[in-house]
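Please view the sequence and the model together while reading.

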Amino acid sequence: MKQLMHILRDIKKKYICYGRSDFIASHEELMKALKEIGLYYVLVGLESISDKQLKKYDKHSDIHNNIKSVQICNSLDIHLMGMFILDLDFTRKDFNTYLYRSLVFLVTACPCALVISVPLVYFC
């Protein structure tokens, strides 16, 4: 990682990356160092606003990590795109509730983008 950071520092460009919320939540100093060498935008697999759903998806993370990762990115002025998974078992009501709660979560935590993923099998 140090070699990569040294290379990126020498390039003097802004860049984006993908990150897990549990990694970001437990590596605030590393995120700060990455910001200093050009990290501009991070795509974060938040996946859900529910610990129950996160456990179902076997994410080995929790809502606390999601909140902390969003707060860290916000405090460091790193733009964030939160990506969420839609459960194929959702009803229309479930979807509306989930979408509303996800938006409230993101707007409350920080201004950032929202991406909702629907598994490809839904369309097959």
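What share of the contacts in the protein with a separation of 6 or more comes from residues 24 or more positions apart? In this predicted model, such residues account for 73% of those contacts. The points below describe the overall architecture and then the salt bridges.

**Overall architecture**
- The protein contains six helices and four strands, which follow the pattern α-β-α-α-β-α-α-β-α-β along the sequence.
- Among the 124 residues of the protein, 35% count as buried.
- The protein exposes about 8000 Å², and carbon and sulfur atoms supply 59% of this area.

**The salt bridge of Glu 47 and Lys 59**
- A search of the whole structure finds four salt bridges; one of them joins the side chains of Glu 47 and Lys 59, at 3.4 Å from N to O.
- Glu 47 lies in strand E2 (residues 39-47), whereas Lys 59 lies in the loop between helix H4 (51-56) and helix H5 (63-75), twelve residues apart.
- Glu 47 is buried because its relative accessible area is 8%, which is under 20%.

- Asp 87 and Lys 56 form a salt bridge through their side chains, at 2.5 Å from N to O.
- Asp 87 is in the loop between strand E3 (79-85) and helix H6 (92-109), and Lys 56 is in helix H4, 31 residues apart.
- Asp 87 counts as buried, at 12% relative accessibility.
- The side chain of Lys 56 also meets that of Asp 89 in a salt bridge, at 3.8 Å from N to O.
- Both Lys 56 and Asp 89 are exposed.

Technical notes
Residues are numbered from 1 along each chain as its sequence is written. This is a predicted model: local features need pLDDT of at least 70, side-chain atom pairs count only at pLDDT 80 or more; totals for chains, interfaces and linings use all residues. Side-chain values use heavy atoms; hydrogens and water are left out. Helices (H or I, at least four residues) and strands (E, at least two) are DSSP runs, numbered from the N terminus. Buried means under 20% relative accessible area, exposed over 50%, partly exposed in between (1.4 Å probe, protein chains only). Contact means heavy atoms within 4.5 Å. Accessible areas come from the Shrake-Rupley method with a 1.4 Å probe; for residues, only the protein chains shown count as cover.
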